[in-house]
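Please consult the sequence and the structure shown below while reading.

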Amino acid sequence: LHPRDAKMALAKEIVSAFFSDAEADAAQQNFITLFQKNDLPDEIPAFKAEGETGLLDVLVDSGLVKSKSQARRLVQQNGVKVDGETVSDPYLQLEPPVVVQVGKRRFVKVV
């Protein structure tokens, strides 16, 4: 038994104890989709950009990061993707609709 499979079985059992089996199956499928297949999640929060749609403004205004300096650091460290492509320019102007990803788990759809 592979350690990853043992962890997934344990996680499913724990979630089933507190929630239903259907919710445990959905959580497991969501984990597989997001982390193993590197696909987009089914539910991505939408963010309506007001005025300028600069990357830094979108990251801060949507709540993905707390400050513009943190957003610049993340971009310089290749931690931000726009529509699946790594971004290297913190002053990039976005053309909605796009999906912005910070790290592995935080997404927002700019409309």
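What radius of gyration does the protein have, and what would a compact globule of 111 residues have? The protein has 17 Å, whereas such a globule would have a value near 13 Å; the radius is taken over C-alpha atoms, and the globule rule is 2.2 Å times the number of residues to the power 0.38. The structure is a predicted model, in which local features need pLDDT of at least 70 and side-chain atom pairs count only at pLDDT 80 or more, while totals for chains, interfaces and linings use all residues. Residues are numbered from 1 along each chain as its sequence is written, and side-chain values use heavy atoms, without hydrogens and water.

**Overall form**

Four helices and five strands are present, in the order α-α-β-α-α-β-β-β-β from the N terminus. Helices (H or I, at least four residues) and strands (E, at least two) are DSSP runs numbered from the N terminus. Whole-chain values are collected here.

| Property | Value |
|---|---|
| C-alpha span along the principal axes | about 50 × 25 × 20 Å |
| Buried residues | 29% of the 111 residues |
| Accessible surface | about 7,600 Å² |
| Carbon and sulfur share of that surface | 51% |

Buried means under 20% relative accessible area, exposed over 50%, and partly exposed in between (1.4 Å probe, protein chains only). The accessible areas come from the Shrake-Rupley method with a 1.4 Å probe.

**The nonpolar core**

A nonpolar core is a set of buried Ala, Val, Leu, Ile, Met, Phe, Trp, Tyr and Cys residues joined through side-chain atoms within 4.5 Å. The largest one has 20 residues, and those with the most contacts inside it include Leu55, Leu59, Val80 and Val100. Two or more residues each come from α3 (55-61), α4 (68-76), β2 (80-82), β4 (98-102) and β5 (106-110). With four residues, α3 gives the most.

Valine 100 is in contact (heavy atoms within 4.5 Å) with Leu55, Leu59, Leu64, Val80, Lys81, Val82, Leu94, Arg106, Phe107, Val108 and Val110, neighbours within four places in sequence being left aside.

**Leucine 94**

Not counting residues up to four places away in sequence, leucine 94 touches Thr53, Leu55, Val58, Val82, Val100 and Val110. By contrast, its C-alpha atom is separated by 39 Å from that of lysine 7, 87 residues apart along the chain.
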